[in-house]
Amino acid sequence: MIRWLVESIDAYPDLVRGIAPAGLLGGPEQQQLATFTVLKRRQDWLLGRWTAKNLLQTHLAETTGELVPLDQLWIKHEAGGAPYVTVNGSINGPGLADLLPLSLSISHSHGRA
């Protein structure tokens, strides 16, 4: 099954300002955001995370019955750059971060992700 979601940065004032909305990012992601000093890069990265996490949250709720908080969905990258998702807690138990059997692709252009 293929699912997708398109979001516009204009709908989210925090993202326009390059600020992560409360509850969006986990600890490592907050650290990664802090490394982006150019506003456009922060906007693109945040919009991509916002869009991917909302899509993932909906998918997991529909397939598992669990509503995983966005800041517990961590998007990481393999050595080659491909994104993957882990859940820190909620589904598999406290403190676990298991690789989920999903493929993820994030794309952004002209204020959309």
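**Figure 1. Val-87 lies in strand β2, which spans residues 83–88.** Strands here are DSSP runs of E with at least two residues, helices are DSSP runs of H or I with at least four residues, and both are numbered from the N terminus. Val-87 counts as buried because its relative accessibility is 0%; buried means under 20% relative accessible area, exposed means over 50%, and partly exposed is in between (1.4 Å probe, protein chains only). Trp-74 is 13 residues from Val-87 along the chain, and the C-alpha atoms of the two are separated by 6.2 Å. The model is predicted: local features need pLDDT of at least 70 and side-chain atom pairs count only at pLDDT 80 or more, while totals for chains, interfaces and linings use all residues. Residues are numbered from 1 along each chain as its sequence is written, and side-chain values use heavy atoms, with hydrogens and water left out.

**Figure 2. The protein has three helices and three strands.** Along the sequence, these elements follow the pattern α-α-α-β-β-β. The protein has 113 residues, and buried residues make up 36% of them. Of the contacts between residues at least 6 apart in sequence, 47% join residues at least 24 apart; contact means heavy atoms within 4.5 Å.

**Figure 3. Helix α2 (residues 27–34) and helix α3 (residues 39–64) have axes that come within 10 Å.** The axes cross at roughly 155 degrees. Axes are lines fitted to C-alpha atoms, for helices over the stretch in contact, and angles run from 0 to 180 degrees between N-to-C directions. The two helices, α2 and α3, are therefore roughly antiparallel to each other; that term applies to angles over 145 degrees, whereas under 35 is roughly parallel, 65 to 115 roughly perpendicular and the rest oblique. On the α2 side, the contact involves Glu-29, Gln-32, Leu-33 and Ala-34, and on the α3 side Arg-42, Trp-45, Leu-46, Arg-49 and Lys-53. The residues of this contact divide into four nonpolar, one polar and four charged. Ala, Val, Leu, Ile, Met, Phe, Trp, Tyr, Cys and Pro count as nonpolar, Asp, Glu, Lys and Arg as charged, and the others, Gly among them, as polar.

**Figure 4. Val-16 lies in helix α1 and Leu-39 in helix α3.** Val-16 is partly exposed, with a relative accessible area of 35%. Leu-39 is also partly exposed, at 42%. Apart from neighbours within four places in sequence, Val-16 is in contact with Ile-9, Asp-10, Leu-39 and Gln-43. Gly-18 is 21 residues from Leu-39 along the chain, with 6.0 Å between their C-alpha atoms. For Val-16 and Leu-46, 30 residues apart along the chain, the C-alpha separation is 9.3 Å.

**Figure 5. Ser-8 is found in the segment before α1 (13–16).** With a relative accessibility of 18%, Ser-8 counts as buried. Not counting residues up to four places away in sequence, Ser-8 touches Leu-47, Gly-111 and Arg-112.

**Figure 6. The largest pocket has a volume of about 430 Å³.** A pocket is an open set of points, on a 1 Å grid over the protein atoms alone, with protein on both sides within 12 Å along at least five of seven lines; a 1.4 Å probe is used, and lining residues have an atom within 4 Å of a point. Grid points are joined across faces, edges and corners, and a volume is the space filled by probe spheres set on the points. The lining has 19 residues, and Arg-3, Trp-4, Leu-55, Ser-103 and Leu-104 lie nearest the pocket centre. The lining residues divide into 12 nonpolar, six polar and one charged.
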